[in-house]
Amino acid sequence: MIYDREKLQELIPLYASGQLSESERHAVERSLEKNPDLRQELADDLELKEAYRQIESEVRLDPEKLFSRIEARIQPKEKPAKVPARRQPQVNRPGFSIRDLFFSPRLAWGIVAIQFLIIFALFPAVDQKPAFTTLSSSPEAVAGGVNLHIVFREETTEAAMRSLILAAHGEIVSGPSATGLYVVRVENDGALQEVLSTLQNSPVIRFAAKAD
Amino acid sequence: MDNKMTNDLHVACLNGISTRGDDEALKTLYDMLHKKVYFFLFRILGEKEAAEDIMVETFTVIWKSAGSYSGRSSVSTWILGIARNLALDELRKRKFHDCVDDHPHIAGGEIPSMEQADRSRVIRVALDRLSPKHQEVIDLVYFHELNYPEVSELLGIPVGTVKTRIFHAKNAIRAALASLKVGQNDL
């Protein structure tokens, strides 16, 4: 690359500060070899730079003190870009989730309203039957049948229970309760007493009686 | 670190300031550039206290308007531009602008004798005697190491004007050296 005199004079200061590209540097160096005026230009520039280095070294400055003045100007009001710290989630802080969830009153009331809606929506679905059954409680009898209270012995297998109930032409209405009570419906066809007697005499049944 | 890497780091600092209000980013930028900015201001204003005040003002402006950096010039050139505008405002307030001269000149004053002056000192005296406009371009090219297009951008003048001012400033320095009985041939 060949430069004219004017361009070379422009490049000399950049050459002196090492800012030229490889090709520009080579071009300047080739011109310097051939041109004593350009070498003088470079010598002048290097002396100028040296003078600046000396001026710079004499500058007395307390940068930290000056920066504290800058900080005083920018804090705290002039930090608009920063989100206030209290609004930032602090995962290490115990109990942060509750506090943060309820930070906004509007959000908190929203959550309460949703909770009420869920409760009311589920309310009809809750089983209204008592969680336990006593011997005196009387599950409603299915039309056309009689309910019997039956308690099987502990060691009775499910298969034995099933076959006994089927033999009596009955079906389990509810149970077992916490005390092992089943309510079994049997047909009221005149042989009720015989069925009841059979059940009471069964070795796998501890208790059998007609539910009132 | 080359110029591009340095500028990338400066840009990252400006982004930190504008997007997160990151005062550490401002401190990093300050640590890298405060000397340049202070020197630049001191050369314009000629007073330590005034240069310090305007430097504080400059970095406050950087803090507030980091997001307005467009990338048209390097960050350091952009910052020197802010500093320069503030310094010129300060000079206008003091009505010192009358001193600004379009032509290089050699002011009066005591001239050091050759016995007491080494070459570097002679150059420094000559530099101080340049008009502000010529001193400014010489400072930007030889101290701040800006190229001509950068100087043109910073000062808002054509590149041709930058070249002309450099040419005249260097001639003025040579003339000053000659008047101090330091011949150009001795340089």
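A residue counts as buried if 20 or more other C-beta atoms lie within 10 Å of its own, as exposed if 12 or fewer do, and as partly exposed in between, with C-beta atoms placed from the backbone. By this rule, buried residues make up 38% of the 187 residues in chain B.

This is a predicted model, in which local features need pLDDT of at least 70 and side-chain atom pairs count only at pLDDT 80 or more, while totals for chains, interfaces and linings use all residues. Residues are numbered from 1 along each chain as its sequence is written, and chains are lettered from A and ligands numbered from 1 in the order in which they are written.

Chain B has eight helices and zero strands. Helices (H or I, at least four residues) and strands (E, at least two) are DSSP runs, numbered from the N terminus.

The helix α1(B) has 18 residues and reaches 25 Å from its first C-alpha to its last, close to the 26 Å expected at 1.5 Å a residue. That expected span is 1.5 Å times one less than the number of residues. The buried residues of α1(B) are B:His10, B:Cys13, B:Leu14 and B:Ile17. They lie on the same side of α1(B) because they cover an arc of only 95 degrees around the axis, the arc being that of the directions from the helix axis to the C-beta atoms. On the other side of α1(B), B:Lys4, B:Met5 and B:Thr19 are exposed. After α1(B) comes B:Gly21, whose phi is positive, near 60 degrees.

A nonpolar core is a set of buried Ala, Val, Leu, Ile, Met, Phe, Trp, Tyr and Cys residues joined through C-beta atoms within 7 Å. Two cores are listed here.

| Core | Residues in core | Named members |
|---|---|---|
| Largest | 58 residues | B:Val37, B:Leu41 and B:Ala83, those with the most contacts inside it |
| Second, separate | 13 residues | including A:Leu181, A:Tyr182, A:Val195 and A:Ala208 |

Two residues are in contact if their C-beta atoms, placed from the backbone, lie within 7 Å. Not counting residues up to four places away in sequence, B:Ala83 touches B:Val37, B:Phe40, B:Leu41, B:Ile54 and B:Thr58.

Between the chains, 33 residues from chain B and 32 residues from chain A take part in the contact. The side of chain B that touches chain A has 15 nonpolar, eight polar and ten charged residues. Here Ala, Val, Leu, Ile, Met, Phe, Trp, Tyr, Cys and Pro count as nonpolar, Asp, Glu, Lys and Arg as charged, and the others, Gly among them, as polar.
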